[in-house]
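Open your viewer and get ready to click along.

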Amino acid sequence: MTDQTQPRPRQPGEMLEPVRASGKSPDPVGAWTRYLILFLRVMAAIWLVKGLYHWAAVCGVGAEADGGFQAHTAAWQTATVLFAILDLVAAVGLWLAAPWGAVVWLTSAVSTAVVDLFFPQIYGGSILTALTVLALLGVYLLLAILAARERLA
């Protein structure tokens, strides 16, 4: 006669249950990849706010009656429209952690730094903004390298 005291496994995963060291399934995503995704999501939120700020400037939100979008120089208008579009596209791509999102974000970030450093007449030329953007690029590159090494190991 057979022993019927133990229930028979119904799914293939249940047959391997005694082999697992813990009750949790192994996670294929490493810690550095999680940090990279968290960083991308934070940057997505920041770039979303930045893009909405530029759209507010284009639409004249909070502007005086005679100091709206059309009162600024053509260079300011061009840069504002560029960042209004580019920042929101970058924010969506970063939130999705898509490769194209990082490329668009890098383009937007470098463009922001270039406009602040080499064209101070457009937005006033804040070196602090340019250094902050370059530091964020450095953090991104460091996290991307560590996440890639983690996947190879």
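Predicted model: local features only at pLDDT ≥ 70, side-chain atom pairs only at ≥ 80, totals over all residues.

Residues are numbered from 1 along each chain as its sequence is written, and side-chain values use heavy atoms, with hydrogens and water left out.

Begin by selecting residues 127–152, helix α6 (helices are DSSP runs of H or I, at least four residues, numbered from the N terminus). Now colour A130, V133, L136, L137, Y140, L143 and A147, which are buried in α6 (under 20% relative accessible area with a 1.4 Å probe, protein chains only). Show α2 (31–59) and α4 as well: both are among what covers these buried residues.

Next, select Y53, H54, A57, W76 and Y123, which lie nearest the centre of the largest pocket among its 26 lining residues. A pocket is an open set of points on a 1 Å grid over the protein atoms alone, where a 1.4 Å probe fits, with protein on both sides within 12 Å along at least five of seven lines; lining residues have an atom within 4 Å of a point. Helix α2 gives the largest share of this lining, 7 residues.

For the second largest pocket, pick L36, L40, A97, Y140 and R151, the closest to its centre of 13 lining residues.

Finally, stay on A97, in the loop between α3 (74–95) and α4 (99–118). Its phi is near 55°, a positive value in a residue other than glycine. Most residues other than glycine have a negative phi.

Definitions and conventions: Helix = DSSP H or I, 4+ residues; strand = E, 2+ residues; numbered from the N terminus. Expected span 1.5 Å × (residues − 1). Buried < 20%, exposed > 50% of the residue type's maximum accessible area, 1.4 Å probe, protein only. Contact = heavy atoms within 4.5 Å.
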